[in-house]
Amino acid sequence: MIEVRRTIIAGNWKINMDHLEGASLAGDIAAGLEGREPACEVVLIPPFTALPAVMNAIEDSPISGGAQNLWYEENGAYTGEISTGMISALGCRYVLVGHSERRHVIGEGSDILSRKLRAALAGGLIPIYCVGETLGERESGTASKVVAEQIGEVLTGLSDADMRSTVIAYEPVWAIGTGKTATPDDAGSMHEIIRVLLGDIFGSRTAEDTPILYGGSVKPGNAAELLAREEIDGALVGGASLEAGSFLGIVFPA
Ligand code: PGA
């Protein structure tokens with residue numbers, strides 16, 4: 001499954017929306033797309049319990065589904081975990097790997113994230129691999145070093161075909177859920193750094209073809225100027241994806 005560089009707007013619902021609320025929100029978003037041609041692929045990433053209802057609600061729409069997490073074994077004694085096969089059996093295309101809340105709240109590091117990313121790819125899902133520095137790391141001038149480590153430690157060793165089936169999301173931790181957005185220049189220059197890093201590992205063609213999304217307080221009011229940057233291939237949206245009007249305002253920026 002080789003993917004191409006494209007614009008993706010993905011809504012990460014985190015722990016919001018039970019299955020009834022999720023079906024209703026997904027239905028409203030699908031209705032908002034009817035008769036319009038978004039210039040992007042639209043992805044909804046609900047919590048696991050809402051995933052079947054959301055996949056039902058978007059069945060006849062162009063929207064893709066994704067999961068927020070996965071376990072790296074296909075089955076077995078891993079109480080509380082969900083496998084790639086279970087996610088793709090619902091018709092999902094995407095799965096988040098390495099979201100900063102998984103890294104910093106749950107404590108997932110490069111080793112487990114590498115396994116998860118490879119399990120996703122082996123099971124035919126497209127991982128959205130999230131990277132990004134904390135406020136302290138940005139202020140101490142180590143942001144690009146941290147992002148380089150997150151890229152190098154997890155992606156090095158992937159086949160070219162696997163890298164071409166992977167999406168990157170740059171989400172500075174200090175911009176997530178805080179209302180502080182990276183300026184288009186800050187985001188754009190980190191996206192350039194990431195593309196150079198990918199070029200060093202996989203060659204420039206693969207790097208050029210990899211979608212790199214931005215995430216961190218994206219909303220209708222700032223989406224257009226972020227998405228106008230050539231280096232920014234889309235958005236991973238948290239808070240503003242929980243309401244159909246604001247999410248659609250990002251899908252169709254003014
Ligand atoms: P936010 O979250 O848009 O609420 O900042 C983004 C994310 O965590 O993916």
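Which residue with a positive phi follows α5? The residue is Gly124, with phi near 85°. The model is predicted: local features need pLDDT of at least 70, side-chain atom pairs count only at pLDDT 80 or more, and totals for chains, interfaces and linings use all residues. Residues are numbered from 1 along each chain as its sequence is written, and side-chain values use heavy atoms, with hydrogens and water left out.

Helix α5 covers residues 110-122. Helices are DSSP runs of H or I with at least four residues, strands are runs of E with at least two, and both are numbered from the N terminus. α5 holds 13 residues and spans 18 Å from its first C-alpha to its last. This is close to the 18 Å expected at 1.5 Å a residue, where the expected span is 1.5 Å times one less than the number of residues. Its buried residues are Ser110, Leu113, Ser114, Lys116, Leu117, Ala119, Ala120 and Leu121. Buried means under 20% relative accessible area, exposed over 50% and partly exposed in between, with a 1.4 Å probe and protein chains only. An α-helix has 3.6 residues a turn, so residues three or four places apart point the same way. The elements that cover the buried residues of α5 include α3 (84-89), β4 (94-97), α4, β5, α7 (143-155) and α8 (160-163); contact means heavy atoms within 4.5 Å.

Salt bridges were counted next. The total is 16, a salt bridge being a side-chain nitrogen of Lys or Arg within 4 Å of a carboxyl oxygen of Asp or Glu. Glu101 pairs with Lys14 at 2.8 Å, N to O. This pair links distant parts of the chain, 87 residues apart. Glu101 is in helix α4, and Lys14 is in the loop between β1 (8-12) and α1 (19-33). Glu101 is partly exposed, at 29% relative accessibility. Lys14 is also partly exposed, at 22%. Glu133 meets Arg138 at 2.7 Å, N to O. Here Glu133 is buried at 0%, whereas Arg138 is partly exposed at 26%.

Asp233 forms a salt bridge with Arg195, with the closest N and O atoms 2.8 Å apart. Asp233 lies in the loop between α11 (220-227) and β8 (234-237) and Arg195 in helix α9 (residues 184-202), so the pair ties together parts 38 residues apart in sequence. Both residues are buried. Shared partners join Arg5, Arg195, Glu208, Glu230 and Asp233 into one salt-bridge network.

A cavity is a set of points where a 1.4 Å probe fits but cannot get out; a pocket is an open set with protein on both sides within 12 Å along at least five of seven lines; lining residues have an atom within 4 Å of a point. Points are joined across faces, edges and corners, and a volume is the space filled by probe spheres set on them. One cavity of 30 Å³ or more was found. The largest cavity has a volume of about 40 Å³. Its lining consists of Gly98, His99, Ser100, Arg103, Cys130, Val131, Gly132, Glu171 and Val173.

The largest pocket holds about 400 Å³. Of its 16 lining residues, Ile15, Gln68, Asn69, Arg102 and Ile106 are closest to the centre. α4 gives the most to this lining, with four residues.
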